[in-house]
Amino acid sequence: MFRTWYHRLLLSYFPIFLLTVTILIFASFVFINDISRSETKKADRISASYLMDNVDRTIKEIELSVLEAADHSDAYKLYFNNQNEMDPVAIYAVAQNLRSLIRESPYIHSIYLYDKKNESVLTETGLKDLSGFVDEGWIGRINSGSLPAGWQPVREYKDQFIERTSVRVLTINKGMPLPFGSEGVLVINIKMSGIEQIVDSMVNEQLSFLTLLGSDGQVVYQAHSDRVGAKNGKQLNTLYLERLGWTFSSGIKTGNLFSWVSVISYLWVAIALGTVVCAILYLVYVTRRNYKPIQVIMNRIEGHQIRTMDQSTDKSDEMMLIDGVLEDLINHMTDYDKKSRENLLLQRSKLFTDLLHSDRLDNVVQRMEELSPLSGAHSTSRFTVVLSEINRYEKVFQDRYTRGDQNTLKFALMNVFQELARSAELQGWAEWIGTDRAAILFLTTGSDEEMTEKIRIFAEDCRSWVEQNLRISLSFGIGPPTVGPGTIRNSYAAAENVMQHKLLMGEDVALAECGEARQPLLETYKYLQMIAEFVKQFRMSSGQWRERLDGIFDAFEQDYLPDDDIRSLIQAMLQMLSREVALMSEQLQDELSTENTSIRLKLLEEAESIDEVKGILFEYLTDVFRTYVAVSETKSYRAMVTEMKNYIEENFANPDLSLKHLSDRFQVSGKYASYLFKTEFKMKFVDFLTELRMKEAEKLLLETEYSQQDIALLVGYANSITFGRVFKRIAGITPGDYRSLKRGRGASRI
């Protein structure tokens, strides 16, 4: 019964349906509960705010009525302004006024005036001495300064002539005469019972509770003295009365709140049950209607007998049948597509490799039509091969990215090549032919010069885009155009030859000329002689070793040696130098050790131009030469100064050259370097440096057309203004006048 698709479809809905309904019921309950709590809290806050405002207004009215009476009655002023004797008339008038105020207000318990000068107290019953007065302790606290003016916390007050029990009062102290007098104090005591009646009259004892807390956090009063309700209830709001420093804490009693929420929850439960019944009826109807397409599919499967049916008495498992049919179909299609793609990619890669390397190609035109993305290729078409290589592959690419990221970036590079080729209206076919090298085969349709220029622009755009967006540096070698698929290997060989001379290219995009594929044999003997002469001059501590090294690099460029040959010769040179001079000291052995040499060779491997290689090698050998000279000669100050002089002559164009720079370079203090220099050459370091720079500047002014700014930079000044000021101080005229004057004399001689 439960094995058919109809019943599975029907029963599969129920868990989600019941879960949804359950969540709906609880969500509705929580929603209504939150609404009810929110509304209850809002109503409680309004009620508490109204009660607090009523209490505040009552207290304020009592204070204002008493102060207004004191301010408008001259008797109060006469009472405090009497310097000698008490005025009976003023005393009587004030006492009568106090009695009237107490009679008119049901909240006032008592009022009295304290005269600091006469140490007397005036109440509604008459004048009394401070000594023995019932509130003498309170007045003492006022005199001591421990009670500031204004409303005070609730206290116990006992009038021995009227009441035998203490009364809780709320007291305010005001300096007299008003408003800020210091001659006496007006004390007003308000009955707390009156305030409590106001609170009780405005709080529903059955539903809510309210607690008054003083500024010290102690309970002042609980509405209806309901300690149980305040303890078991739910506090909802807290309001603060700034005038008295009281905190009004109000809330709802738990039992009533929960019973109210329960009534609402029962209503929603009834509604939810009705919704469940309606949903079940609708679910059966929808399931019956949606089952019809499944039945049609089952009939077709059984009719065509795609799979052997179970002939048992039970009905077939429709789910397993459909799943099996679809799984077989998907597996067949997936296997077929996978094999087709793999076969196509292998054939295409094989064709690309054959075009670049093989000299015998069978049916190459037909194979290109079937496999290559180049359309319109025939036996007389013209092709150009471009090689692209990732610079510093191991350091920048392999070390920075994981294997997965490398594959992603290589795929992105292929897409970039294809997209930019289409944008340049070129037909290109790109494939990776090595870990760091890709080849792009272009089908050219115009003249050779026009197509070569378009391909060069394409390579520049690729290099710029990839460097800006993917942070990868590329080099491109562009082979010459060739006619026919059989000659593509010639263009590839020429492009590969260019990529083998990246150090001498001088740029990241280079064009190969026809015939560049054949490389001349390396004249090993010639270079070994030059290296031996260089090592000899180095060993003799002669400064000519730099000229010999320059000659070796000039020969590299003249013979157009491949990068591998250049690096091999440099490695041989370092090995020969190590054998000749390393044994002289442990320091030289360390500097020419295999580890240090390997570091320099690694830097040379990462260099992208012959000038960069030359700079790295010269810096390294200069350090070694300095160590060698220090070891081979005496380590006196004369040798050090001579080396300093040579260093300044070689680096005077460095704007950072200074005594500090020399001290860091030669490991001596700046003061000592200055002293050695003046002792040996009878001139300051600054003067010697300025003389070298000015000589070079004069030479550049006469022999070149460089601007003053360019000359300033070439001789070690940051700007032409500083250079002009120094030149005029030395030569007596400005650089421009010097150039005009010297060239004018030369012209006149001619």
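Me: How many bridges join strand E15 to strand E17, and which way do the two run?

Reply: Start with the general idea. Strands of a sheet pair through backbone hydrogen bonds, either parallel or antiparallel. Now this case, in a predicted model. E15 and E17 (residues 509-511) run parallel, joined by 3 bridges. To find the spot, look at Gly477: its bridge partner in E17 is Ala510.

Me: In what sense do E12 and E15 pair?

Reply: E12 (residues 382-390) and E15 pair in the antiparallel sense. There are 5 bridges between them. For a landmark, take Ile390, which stands opposite Leu474 in E15.

Me: Is E15 mostly covered or mostly exposed?

Reply: E15 spans residues 474-478 and is mostly covered. Of its 5 residues, 5 are buried. Check each face in turn. Leu474, Phe476 and Ile478 lie on one side, with Ser475 and Gly477 on the other. Both faces are covered.

Me: Let's move to helices. How do I describe two that pack together?

Reply: Two packed helices are described by the angle between their axes and the distance between the axes.

Me: Which residues make the contact between H11 and H12?

Reply: From H11 come Leu413, Val416, Phe417, Leu420 and Ala421. H12 brings Phe458, Asp461, Cys462, Trp465 and Val466. Sorted by class, the contact has 9 nonpolar residues, 1 charged and no polar ones.

Me: Back to sheets. In what order do the strands of the open sheet with E8 and E11 lie?

Reply: The order is E9-E8-E11-E10. These 4 strands form an open sheet, and the pairing is antiparallel. E9 (219-222) and E10 (234-241) are the edge strands, each pairing on one side only. From one strand to the next, the twist averages 20°.

Me: How many bridges link E8 and E11?

Reply: 6 bridges link E8 (residues 208-213) and E11 (residues 246-252), in the antiparallel sense. Leu212 has Phe248 in E11 as its bridge partner.

Me: Which helix packs on this sheet?

Reply: Helix H5 (residues 192-202) does. H5 touches E8, E9 and E11. The direction of H5 makes about 50° with that of E9.

Note on methods: Residues are numbered from 1 along each chain as its sequence is written. This is a predicted model: local features need pLDDT of at least 70, side-chain atom pairs count only at pLDDT 80 or more; totals for chains, interfaces and linings use all residues. Side-chain values use heavy atoms; hydrogens and water are left out. Contact means heavy atoms within 4.5 Å. Ala, Val, Leu, Ile, Met, Phe, Trp, Tyr, Cys and Pro count as nonpolar, Asp, Glu, Lys and Arg as charged, and the others, Gly among them, as polar. Buried means under 20% relative accessible area, exposed over 50%, partly exposed in between (1.4 Å probe, protein chains only). Two strands pair if DSSP finds at least two bridges between them. Axes are lines fitted to C-alpha atoms, for helices over the stretch in contact, and angles run from 0 to 180 degrees between N-to-C directions.
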